[in-house]
Amino acid sequence: MKRVLLCAFIIVMLLIIGVGSCIYIENTSEKVVNALYLAEDSFSSEDFRGARLAAEKADESWQEFMSKHVFITDKEHLLEITATIVKIQALAAAEDEELLTECDVARRLIELYRDKQQPDLLNIL
Amino acid sequence: MLIIIIRSVLLYLLVIFALRLMGKKQLGELQPSELVTTILVSNIATLSLEDPSMPMIMGIMPILMIVCLDVFMSGIMLKNTKIRTLVTGSPKIIIKDGEIDQLQLKSLRYTIDDVTEAMREHDIFDISQVQYAIVETTGKINFLEKQGDGKNPPTVIIKDGEIDSNGLKEIGIGRGWVDKIIAENKTELSRIFLMSCDSGGKYTLVLKNYDIKEGKAK
C-alpha cells in the first residue's frame, strides 16, 4: 500500500511539473512574442527608442524562457532563436530596417516552438 | 565530462530506486509487463548519458512514470484476475499423461525441440514419463514426472474468491461439488483465498484470514 501511495505521489508530482511547464512555456513565450510585436510597431512608427527598449524586453523574456529550458522537449532551434533575438537588439540600436524581418522570423520560430510543446495529438504522435 | 560522471551516478541511484519500487518480483522471472518495464527503463536511462545536450529530467520523468504505472498495474492485477490473465496470460498444459497437446503447442508457437530441450534440462528423457508439462506465464516449462500411484497433482479451483473453471474441468468436477465443500466448511466463496483439489477429491482450502482447512469429499 505504501508503494502504491508513493507512486501516486510521484505521478501527481510529475503531472504538476508537466502541466506547470506547459503553462510556463505558454506564458513566457507570449511575453517574448508581445515584445517583438511592440518592437516592430515602434520601429514602423519611427519610435527607435521604443523599438530598442522592446528588443531589450524581448531578450530579457527570452532569457527567462531559456532559464527553464529543461522542460522543453525540442532544443534544436534554441540557439537559432537566441541568435536572432540578439541580432534584433543590435538592429534596433543601429535603426536598421532589417529589424522588421528579423522580428518576424523570431516571432514565428518562437510560436512554432511554443506550439511544439503543447500536448496535442500531432505532437504526441 | 564531469557532467556525464555525475549523471551516471544519479541514474544509477535512480534505477536502483526504480527497481526497489517495483519490488523483488522484478529480479526473478519476468512477466511480460515487467519485461516491458525493464527494457524501457534501461533504454531511457542511457539516453541522457549518450546525449549530454538532453536534460536529465527528460530521462528521469519517463522512468518514474513507467515504474509508477508498473506498480499500479501490479496492484490492479492483484485485485482483478481478468486483467491479470489479459496482461500476463495463463499457464498452459502442453503434456498430459505423456501425451502432447499439439494444438496448444502450436498456439504457443513452441516447437517440439523446445519441449524436448526443456525436458532434458529437467533430466527427463522419455515423454511417456511426463504426467504434466506446463508452460508458465514467464515462458518457463515445468514438468511433473509420473508417480507410482498414477494420481494427478492437485489443481487450483478457486483463486482470490473466484472459481477457475479450467481447474474444475481439468479434474472433472462441477460447480455444485465446490458449493457443497464451501457450505461444509461454513464459509463463502469470496472469503476463500485458494482452494486446490486432486482428482481423488482431496482438497486444501486456504481462507483469506490464513485459516487452512483440509479434507476429503465423500
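**Exercise 1. Determine in which loop B:D123 is found, and whether it is buried or exposed.**

Solution. B:D123 is found in the loop of chain B between α6 and β3 (130-135); helices (H or I, at least four residues) and strands (E, at least two) are DSSP runs, numbered from the N terminus. The model is predicted, so local features need pLDDT of at least 70 and side-chain atom pairs count only at pLDDT 80 or more, while totals for chains, interfaces and linings use all residues. Residues are numbered from 1 along each chain as its sequence is written, and chains are lettered from A and ligands numbered from 1 in the order in which they are written.

Next, the surroundings are counted. A residue is buried if 20 or more other C-beta atoms, placed from the backbone, lie within 10 Å of its own, exposed if 12 or fewer, and partly exposed in between. B:D123 has 8 other C-beta atoms within 10 Å and is therefore exposed.

Finally, the backbone is examined. Phi of B:D123 is near 60°, a positive value in a residue other than glycine. Most residues other than glycine have a negative phi.

**Exercise 2. State where B:R109 is found and what its phi is near.**

Solution. B:R109 is found in the loop of chain B between α5 (102-107) and α6 (112-121). Its phi is near 60°, a positive value in a residue other than glycine. B:R109 counts as exposed because it has 7 C-beta neighbours inside 10 Å.

**Exercise 3. Describe the elements of chain A and the confidence in them.**

Solution. Chain A has five helices and zero strands, and follows the pattern α-α-α-α-α along the sequence. Confidence is expressed as pLDDT, the predictor's confidence in each residue, from 0 to 100. The mean for chain A is 84, with 94% of its residues at 70 or more. Among the elements of this chain, α1(A) has the highest mean pLDDT (87) and helix α5 (residues 121-124) the lowest (78). Of the 125 residues in chain A, 26% are buried.

**Exercise 4. Classify the packing of α1(A) and α2(A).**

Solution. α1(A) and helix α2 (residues 48-67) of chain A pack at an angle of about 165°, with their axes 8 Å apart. Axes are lines fitted to C-alpha atoms, for helices over the stretch in contact, and angles run from 0 to 180 degrees between N-to-C directions. Angles under 35 degrees count as roughly parallel, over 145 as roughly antiparallel, 65 to 115 as roughly perpendicular and the rest as oblique. The two helices, α1(A) and α2(A), are therefore roughly antiparallel.

The crossing of α1(A) and α2(A) is left-handed, a term for a near helix turned anticlockwise from the far one by less than a right angle (right-handed if clockwise). By class, the contact has 13 nonpolar, five polar and three charged residues. Here Ala, Val, Leu, Ile, Met, Phe, Trp, Tyr, Cys and Pro count as nonpolar, Asp, Glu, Lys and Arg as charged, and the others, Gly among them, as polar.

**Exercise 5. Classify the packing of α1(A) and α3(B).**

Solution. Helix α1 (residues 2-44) of chain A and helix α3 (residues 57-79) of chain B pack at an angle of about 140°, with their axes 9 Å apart. That makes α1(A) oblique to α3(B). Their crossing is left-handed. The contact includes A:C7 and A:L14 of α1(A), and B:M65 and B:F72 of α3(B). Its residues divide into eleven nonpolar, one polar and one charged.

Methods:
Contact = placed C-beta atoms within 7 Å.
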